[in-house]
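Open the structure in a viewer and keep the selection panel at hand.

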Amino acid sequence: MAAGFKIAEPLEYHRSFLKENCRPDGRELSEFRTTTLNIGSISTADGSALVKVGNTTVMCGIKVELTNPLVEAPGKGFIVPNVDLPPLCSSRFRPGPPGEQAQAASQFIADVIESSEVIQTEDLCIERGKLCWVLYCDMMCVDYDGNVLDACIIALLAALKNTKLPEVTINKDTGSTRTSFCVFDDSILIVDPTAEEEGLSTSHLTVVTDEKERLCVVHKPGGTPLSAEKLQECIGRATARQREIQKLVDKVVHSVKTAQ
């Protein structure tokens, strides 16, 4: 009966749980799914990481190449992020060129890299105007169950810390973490939404903070308005989540170094 109700009336099905301040998977509204991390997962990459947020799984591989600096930035290297959402990860995606969601995700990651200064691009320059490093950061989702951009940011941050090049300096003071929220029925705020919850929500919000608890990016692509009180609540939760993820990344990086 419950399965039939979920299929026939998915929104009402979720509302029946939200009225009890819980969600169909048993989580509270403000509860994140279990997050696991592994680094050095791709032996052919210069840096890599595999992240799972619930069922959502993202692998990030970084390849580093030498190139000429851009004319407008002769003293800097540069970073090229790319998010791939292949049909393998979900039936919602189709074969062919990157879809709108994948393109928007790649641009968002690029904006986060620039605003958070997770890497000082000046440190990627070898000889001004002549030679620099370019970091190709490919993030592929192999299992999509919502909140994919959070997983991409965590995977990217961990892969950057795993990249071993003496010419590359990762700014550990500005490592950023992204936290996503969804709004149900214009008022109920939930964190770390699943794919089903994303599809039924009336608004999406993304908040990016760094290790110094500075606000880097707030991204809200349309949807219903959000009050100043709700926005502040999101920022507070994102800051707390950033501390949790930073501890996880540092723990995994330390354990790998100790094992070597």
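A nonpolar core here is a set of buried Ala, Val, Leu, Ile, Met, Phe, Trp, Tyr and Cys residues joined through side-chain atoms within 4.5 Å. Buried means a relative accessible area under 20%. The model is a predicted one.

**Stop 1: the core**

Select Leu135 and Met139. Within the largest nonpolar core, which has 49 residues, these two touch the most other members. Next, colour residues 148–162, which form helix α4; this helix supplies 12 residues, the largest share of the core. In soluble globular proteins, nonpolar side chains tend to be buried together.

Go back to leucine 135 and show its surroundings. With neighbours within four places in sequence left aside, leucine 135 is in contact with Ile62, Lys63, Val64, Phe78, Ile79, Val80, Ile119, Leu124 and Leu160.

**Stop 2**

Now display the second largest pocket, with a volume of about 370 Å³. Its lining has 18 residues, and those closest to the pocket centre are Lys76, Ala110, Ile113, Glu114 and Thr121. Two elements give two or more residues to this lining: β4 (78–84) and α3 (100–116). Which element gives the most to the lining of the second largest pocket? That is α3, with five residues. Colouring the lining by class shows eight nonpolar, four polar and six charged residues.

**Stop 2: the cysteines**

How many disulfides does a search of the whole structure find? The count is zero. A disulfide would need two cysteine sulfur atoms within 2.5 Å.

Cysteine 141 counts as buried because its relative accessibility is 1%.

Then select cysteine 125 and cysteine 132. The sulfur of cysteine 125 has its closest cysteine sulfur in cysteine 132, 6.3 Å away, so the pair is too far apart for a bond. Cysteine 125 is also buried, since its relative accessibility is 19%.

**Stop 3: a position on α3**

Finish at alanine 104, which lies in helix α3. Is alanine 104 buried or partly exposed? Its relative accessible area is 46%, so alanine 104 is partly exposed. To end, draw a distance from alanine 104 to asparagine 68: the two are 36 residues apart along the chain, and their C-alpha atoms are separated by 27 Å.

Methods. Residues numbered from 1 in each chain as written. Predicted model: local features only at pLDDT ≥ 70, side-chain atom pairs only at ≥ 80, totals over all residues. Heavy atoms only, no water. 1 Å grid on protein atoms, 1.4 Å probe; cavity = no way out; pocket = protein on both sides within 12 Å on 5 of 7 lines; lining within 4 Å. Points joined across faces, edges and corners; volume = space filled by probe spheres on them. Helix = DSSP H or I, 4+ residues; strand = E, 2+ residues; numbered from the N terminus. Nonpolar A, V, L, I, M, F, W, Y, C, P; charged D, E, K, R; others polar. Buried < 20%, exposed > 50% of the residue type's maximum accessible area, 1.4 Å probe, protein only. Contact = heavy atoms within 4.5 Å.
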